[in-house]
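Hi everyone, thanks for coming.

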Amino acid sequence: MKTRPLVILDAGHGIETPGKRSPLWSDGKQLFEYEFNRDVVRRIAIQLGKMGIAYIVLVPEESDISLGERCRRANKIWQDTNKNAYLISVHANAGGGTGWECFTSVGQTKSDVISSVLCQEAEKAFPEWRMRFDNTDSDQDKESQFYILRKTHCPAVLTENFFMDTESDCRYIMSEEGRNAIALAHVAAIKQITTL
Ligand SMILES: [Zn+2]
């Protein structure tokens, strides 16, 4: 029997990463992306642990681990698992807009399978929200985030979980309800992908 793949959970950015934060809202609340990404990864990890699904958290640190180092770690895991691993990098979006989207590395069919399962689960989990499923534009910021997709050898997908600079989106991802829904959508997808 084929060994089940290991899922590598990456929480983008670190505590000192400049810029990656929401505006300061009228009630004094603000979202920091590193905290959101880590909290969602933590929630995913708890559920996977309960289900006995193997995972590894790529960046246990609070600090910003460089993309080069993230990729080095992921590629080592890929080797150590005999190329039986895949990576999901969790982010919040920015730049004005609303909804959920995910990106894959180019030309890796297995990433596309993973992203389509994630998209299906997101569609189920967020029926009230816009699913941004066609992505033709990518700004400079996105390009740099895509490093993790370009330089990892394993199949890799990056999820952009709502817009931290759009107030309604940001309120949702600051809430327990939103964070749990986002984590559970990832867990449902991982469960399927791991048993494919
Ligand atoms: Zn990000």
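Let me start with a question: are Phe126 and Tyr172 buried or exposed? Phe126 is buried, and Tyr172 is buried as well; here buried means under 20% relative accessible area, exposed over 50% and partly exposed in between, with a 1.4 Å probe and protein chains only.

Before going on, a word on the basis: this is a predicted model, where local features need pLDDT of at least 70, side-chain atom pairs count only at pLDDT 80 or more, and totals for chains, interfaces and linings use all residues. Residues are numbered from 1 along each chain as its sequence is written, and side-chain values use heavy atoms, with hydrogens and water left out.

Now, the aromatic rings. Searching the whole structure gives 6 aromatic pairs; rings of Phe, Tyr and Trp (its six-membered ring) pair if their centres lie within 6.5 Å, and planes under 30 degrees apart count as stacked, over 60 as edge-to-face and the rest as tilted. Take Phe103 and Phe146: their ring centres are 4.9 Å apart and the planes stand at 50°, so this pair is tilted. Phe103 sits in strand E4 (residues 100–104) and Phe146 in the loop between helix H4 (140–145) and helix H5 (147–151), so to speak linking distant parts of the chain, 43 residues apart. Helices (H or I, at least four residues) and strands (E, at least two) are DSSP runs, numbered from the N terminus. Both Phe103 and Phe146 are buried.

Back to Phe126 and Tyr172: with ring centres 6.3 Å apart and planes at 90°, the pair is edge-to-face. Phe126 is in the loop between helix H3 (109–125) and H4, while Tyr172 is in helix H6 (residues 167–174), so the pair ties together parts 46 residues apart in sequence. Ring pairs also join Phe126, Trp129, Phe162 and Tyr172 into a cluster.

On to the sheet, please. It is open, has 5 strands in the order E2-E1-E3-E5-E4, and its pairing is mixed; two strands pair if DSSP finds at least two bridges between them. At the edges are strand E2 (55–57) and E4, each pairing on one side only. Strand E3 (residues 85–93) and strand E5 (residues 156–163) run parallel, joined by 6 bridges. Ser89, for instance, has Leu158 in E5 as its bridge partner.

What packs on this sheet, touching E1, E2, E3 and E5? That is helix H1 (residues 33–51), whose direction makes about 140° with that of E3. Contact means heavy atoms within 4.5 Å, and axes are lines fitted to C-alpha atoms, for helices over the stretch in contact, with angles from 0 to 180 degrees between N-to-C directions. H6 packs on the sheet too, touching E3 and E5, at about 110° to the direction of E5.

Last stop, the zinc ion. Its donors are His13 (NE2), Glu33 (OE), Glu33 (OE) and His91 (ND1), at 2.1 to 2.8 Å. Donors are N, O and S atoms within 2.8 Å of the metal (3.2 Å for Na, K and Ca), and water is not among the atoms, so sites may look incomplete. His13 lies in the loop between E1 and H1, and Glu33 in helix H1, so these two tie together parts 20 residues apart in sequence. His13 is buried, with a relative accessible area of 12%, and Glu33 is buried at 0%.
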